[in-house]
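Please look through the model below with its sequence at hand.

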Amino acid sequence: MLFSSITFLYFFLPTVFILYGIASIKQDITWRNLVLCVMSCLFYAWGEPMYFFLMLVQVMIVYGLTCYMEKKRESATGKVCFTLSVLLPFASLFYFKYTAFFMMTLTSWLPWPESWIKSAKTITLPIGISFYTFQLTSYCIDVWLGRVKLQKNLLSLMTYVALFPQLIAGPIVRYSDVDKELSDRKTTRENLAEGIVRFTIGLGKKVLIANVLGEFVAEALALENRGIALSWAYALAVSLQIYFDFSGYSDMAIGLGRMFGFHFPENFHYPFISDSLTEFWRRWHMTLGTWFRDYVYIPMGGNRVKKAKWFFNLLTVWFLTGLWHGAGWNFIIWGLFFGVFLILEKVFFGKTERKSSLLGKIAGHVYVVIAIIISFLIFHAENMEVAMRDIRALLPGMGMEKVQLETALFTLRNRLGILFIALVGSTPFPLLVWKRFFTWLRKDVVEEIVKAIGVVVILLLSTAYLIDGSFNPFLYFRF
Amino acid sequence: MVISMKKFIKHNLIILGFFCCIAGFMLILIFGEKETNSISERRKLKEFPKFRVKTLQDHSYMEDLEAYLLDHFPFRDNLRSMKAYFAYDVLGQLENNDIYIANGYAGKLEYPLKENSVIKAAEKMQAIKAQYFPKAEAYYAIVPDKNYFLADKNGYPSMDYNRLKSLMQERLTDMTYIDIWDTLSIEDYYATDTHWRQECLGETVQQIGDVMGFSEYLFLDYEQKEIEEFYGVYYGQSALPLSSEPLYYLTNETIQMATQWSLEKNKIQPIYMSEEETGFDKYNIFLAGAQALQRIESPLAKTENRLIVFRDSFGSSIVPLFLEAYKEIIVIDTRYISPSLLGEYVDFETENTQILFLYNTLLLNNSSMLK
């Protein structure tokens, strides 16, 4: 089920609130967890009726293995249980996400029968499998390392994994993030109001900005010859669409979590204002970055090794980051693209990534924006051939006929408004203006009224867009 | 008092606004009266999906339910208008759902020219000619869509019409081209619809008649009848409160005495379908709208000639104006019938038969619709 669907907004969500409200009458949190768990299962099964059982079985296996592992921690059986608890979710992820890709990649060395490849291509990807696999494995590792206590209550573990706000597109919530809140949390008016505001902002980012940018991207993509101006606008729109789509979803997830008393980790923090790619990745998909840091990079030795091994560690992490995003060479190249640039930044700038002079900062921003734009062209393209065509189009040299020029200019003029809004919206500027204005006004009541009106207006406008069109795919569902 | 008011507003107003919206719409969706048709969008609204295990497994139940909820959402038309205003006025878009308004006319963007599509259309026309009437003289005319008159002048892109015409002419060398473009202007089209206005087609009919040699039989003095409040197809798509316009149709004794038989309905009907005056699309009054194959008999025609017209929806309103000159007119729309089946229903070899292909530029640019 999509957050940005009528079924979710006007049926599922009110129903969950009603049931959760009833469950809250009882002091015992089990009832609230039960409501969230059952409704989360319904939420997932609504989108993936068959694969719901896959998730259910995985959670039960991990539950059994971790319980047994805890009992036999010192023995070889315990180690086997731990290994299995990590390997099984990854094996499932590999099967559903990468089988066809690896078979096709290795086909020149291992000549599989054509029928094998054909049947591998028919495997469909369960929604959100990349996210819940990472959550399950991080839980297993953390329990094994003693970072968190074993969850003996299957309902609580299932609630953690299946929790609908973050189940299918993140942020990647670690067990330690919600451990305490699974057994003790309160839904206060403050939590509820802040959650509503955050959710509505996310909904607006997704429906009013990302989807409209998506329309622009599709229009530009359909043109035979875009010309240099539209090619740059297209490339910018691709980056902004991915940002607003994904950060919008994260905002909705964090907001929903807040409404039910959970505090999920932040996932984005104005990545486009970064002046180095290292900083960009501290602000972009933060929960994925920290997951790879904590469960891959640091266990490999991180930067406390010889330089060559350090670079190898970095490239491995970025190879895996790319692969996590999709079973395709463009995703792997996208990941390695960042890996190479991050190594170069570390070699040339060391730890002083931030340039002190204004000129240095401007140069840093220009470099980051260009690198990000190129990287997302690779990310967004169907394959590397298309990506290279899109990147070449950014360079001058391709002539245009009059009709093509007029069409390209119209497409650009038609979408300048949304590009401007998205560009400004990707910076802290609107929030800064908001804060300054209401600090100057010193009227909390007015701010509350404006917020309430804003919530209703964004909700209605988003609904209006959903009703009027069907351009509504979440980009990150395929991961 | 002030403090308690402040206390109440803090958080509660946001919570109240949000929950009033989601719960309010939910209740109206559940208990509100459901329409079966959307007049503005000219279509039947989705029915509540029937629950079956199979539809649950293949996910179609969820998709159908979402479609049902979208169709029956309270204040649907108002919300669509809200979206249109937001797109125009806040985002500064020049179109909404590809619909733009210029000089009081609504047009739908159609660009660029799809050369392959135009070539395919020409090939399909040629194939029909080669199969059924290789030696007969055939004519073709292209109807310009509204963008030809509106788009370029108002800064909107449009297809390369000259290229379209030359692509057709290069391929249809054994047919006679009738150029009707100079006989038309934007005023000859409905403001809210794709189509041309029948009452404005005098010059166009004359031009076709001159080339095909039937203009001397034409009787261009008709009684003009009015149907009020016609909302064209772009009215619903634009989601803007555009004004309605009258739809006129021309009639005389010849048209009133003529009858049409259609393959789908297998019954004889009048040329103008009065029951369509209350239907979704009032333009369907002309020859009952989209039909695969029709045989029109005109007992008061001034000749014994026969005409076979391959047409799209533009043909529906112009064909009645040919009835003075032809005893029988066969009207074929190959979007709804495969050309390979035509031999079963139409005799192409009767003497005194003329052939006319009449297609509009929008169809030629999307010729995959033609079978």
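**Packing, interface and backbone**

In this predicted model, helix α4 of chain A, which covers residues 76-105, packs against helix α6 of chain A, residues 129-144, at an angle of about 170°, and the axes of these helices are 9 Å apart. Because angles over 145 degrees count as roughly antiparallel, α4(A) is described as roughly antiparallel to α6(A). On the α4(A) side, the residues that meet α6(A) are A:F82, A:S85, A:V86, A:P89, A:F90, A:L93, A:F96 and A:K97. Their counterparts in α6(A) are A:I129, A:S130, A:T133, A:L136, A:T137, A:C140, A:I141 and A:W144. Sorted by class, this contact of α4(A) with α6(A) comprises eleven nonpolar, four polar and one charged residues.

The contact between the chains can be followed from the side of chain B. Here 42 residues of chain B are in contact with 44 residues of chain A. Four helices of chain B, namely α1 (2-31), α2 (53-57), α3 (60-71) and α4 (76-90), each contribute at least two residues to the side that touches chain A. Of these, α1(B) provides the largest share, with 16 residues. By class, the side of chain B that touches chain A is made up of 27 nonpolar, seven polar and eight charged residues.

Most residues other than glycine have a negative phi, and most peptide bonds are trans. In chain B, however, the peptide bond that runs from B:Y111 to B:P112 is cis, with omega near -10°.

Chain A holds residues with positive phi that are not glycine, among them A:Y270, whose phi is about 45°. A:Y270 sits in the loop between α10 (227-259) and α11 (277-283) of chain A. Is this residue buried, exposed or partly exposed? A:Y270 counts as partly exposed, because it has 15 C-beta neighbours inside 10 Å, whereas a buried residue needs 20 or more.

A:H285 is also a residue other than glycine with a positive phi, in this case near 40°. Its place is in the loop between α11 and α12 (286-297) of chain A. A:H285 has 22 C-beta neighbours inside 10 Å and therefore counts as buried.

Definitions and conventions:
Residues numbered from 1 in each chain as written. Chains lettered and ligands numbered in written order. Predicted model: local features only at pLDDT ≥ 70, side-chain atom pairs only at ≥ 80, totals over all residues. Axes fitted to C-alpha atoms, helices over the stretch in contact; angles between N-to-C directions. Parallel < 35°, antiparallel > 145°, perpendicular 65-115°, else oblique. Contact = placed C-beta atoms within 7 Å. Nonpolar A, V, L, I, M, F, W, Y, C, P; charged D, E, K, R; others polar. Buried ≥ 20, exposed ≤ 12 C-beta atoms within 10 Å, placed from the backbone.
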